[in-house]
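Subject: Structure handover

Hello,

Here is the structure we talked about passing on. Please open it alongside this email.

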Amino acid sequence: MQLRAEGLSAHLAKGLARIYTVHGDEPLLAQEAADQIRAAARANGFGERQIFIVSGAYFDWAPVLAAAQAMSLFADRQFIEIRIPNGKPGKDGSDALQRYAQAAPDDVLTLVTLPRLDKTQLSSAWFATLDGNGVSIRVEPVERRLLPAWLAQRLKAQGQSVPEGEDGQRALAFFADRVEGNLLAAHQELQKLALLHPKGELTLAHIEAAVLDVARFDVFKLSEAVLSGNVPRLLRMLDGLEAEGEAAVLVHWNLAEDARALARVRAALDAGRPLPMAMREARVWGAKERLVERIAPRLDSLQAGALVQAAQVCDGLVKGLRHPDWPGDPWAALRRFALMLAEAATGKTGAVLTVR
């Protein structure tokens with residue numbers, strides 16, 4: 001049974017399943033979900049705890065299978081944790097997990113922790129067996145648009161809040177900008193606010209004075225800012241990626257893929273194909289699908305061609321070449337290219353869209 005992380009507390013209050021599988025690439029939320037399960041296990045008498053860390057393809061699964069069948073020496077019921085850091089149990093592990101899930105008795109509670117799983121892993125026999133014999137909880141990073149609400153909820157839980165209305169929204173937006181992409185650090189900043197200030201209302205000045213800039217940016221999230229036309233955010237992300245030492249070539253590749261996808265969709269539309277078919281042929285899906293679906297119909301072929309040409313010029317710049325009409329610094333060129341894409345996304349046709 002699949003369960004959202006937000007619903008875990010209510011589920012645990014009603015009773016425990018035999019097996020819990022926590023998977024995802026957000027460390028803070030995965031840790032909190034696992035801690036809730038551990039606390040519930042202790043409260044329900046699962047006093048003896050064993051931990052197995054699966055390291056490599058040659059891990060010996062025999063002790064894991066034996067532990068589930070052994071009588072507890074120190075408690076009526078036992079709690080077993082199986083940690084698979086790489087998310088790949090291997091062929092032997094796959095067989096072992098299926099046997100384990102099907103045979104584990106009711107007096108054994110099991111927690112399996114995994115990183116983010118891809119589509120193949122989620123549809124594998126071993127994961128389906130774990131899910132079918134227990135509860136799986138998928139933890140996802142908090143998207144930027146949801147981060148202010150997440151922060152407000154966390155502040156409320158520690159007895160603090162921001163003012164109502166626009167002042168409070170500005171305070172939460174500032175907080176979110178400082179911690180985007182780094183929930184572990186966000187948690188630490190929230191704890192800092194709880195130590196520095198008593199319960200009650202926090203102003204923007206309180207947050208500005210206390211919260212450090214600990215944002216971490218994912219190059220693959222840059223597309224969402226660019227294609228939504230969010231110029232302040234895309235510039236902040238580029239500044240952050242440059243400061244973190246991200247490779248300019250990788251950033252360019254990501255932006256160039258967006259330009260080529262827009263051009264392919266526009267060409268397909270010009271050829272008379274319907275938009276859904278054009279999107280599939282251009283391999284546009286996921287978070288980008290909604291954004292490209294909005295941009296492509298109003299983008300003309302000249303604009304699309306200018307974006308692809310800009311991608312080619314920028315490709316040379318990030319690899320050390322020069323162009324007389326473009327900045328010589330690779331990151332300055334990336335900012336210009338990203339702004340071109342953002343202008344196209346918002347329907348503007350400023351001078352920056354002209355590439356010589």
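Below are notes on one glutamine and on the nonpolar cores.

Please keep in mind that this is a predicted model.

Gln-160

Gln-160 lies in strand E7, which covers residues 160-161. Is Gln-160 buried or exposed? Its relative accessibility is 3%, and because buried means under 20%, Gln-160 counts as buried. Two polar partners of its side chain can be named. One is the side chain of Gln-158, with a polar contact at 2.7 Å. The other is the backbone oxygen of Pro-198, which the side chain of Gln-160 reaches at 3.4 Å. With neighbours within four places in sequence set aside, Gln-160 is in contact with Leu-155, Leu-193, Ala-194, His-197, Pro-198, Lys-199, Gly-200 and Leu-202.

Nonpolar cores

The largest nonpolar core has 51 residues, and the members that touch the most others are Leu-222, Val-251, Leu-255, Val-265, Trp-326 and Phe-337. Helices H11 (222-227), H12 (231-243), H13 (248-270), H14 (275-281), H15 (287-295), H16 (301-318) and H17 (330-346) each supply at least two residues of this core. Which helix gives the largest share of this core? It is H13, with 11 residues.

Phe-337 can be looked at on its own. Again leaving out neighbours within four places in sequence, Phe-337 is in contact with His-252, Leu-255, Ala-256, Ala-259, Leu-307, Ala-310, Ala-311, Cys-314 and Trp-326.

There is also a second, separate core of 41 residues, which includes Leu-3, Tyr-20, Ile-37 and Ala-185.

Regards

Terms used: Residues numbered from 1 in each chain as written. Predicted model: local features only at pLDDT ≥ 70, side-chain atom pairs only at ≥ 80, totals over all residues. Heavy atoms only, no water. Helix = DSSP H or I, 4+ residues; strand = E, 2+ residues; numbered from the N terminus. Buried < 20%, exposed > 50% of the residue type's maximum accessible area, 1.4 Å probe, protein only. Polar contact = N/O pair within 3.5 Å; in protein donor to acceptor, adjacent residues only side chain to side chain. Contact = heavy atoms within 4.5 Å. Core = buried A, V, L, I, M, F, W, Y, C linked by side-chain atoms within 4.5 Å.
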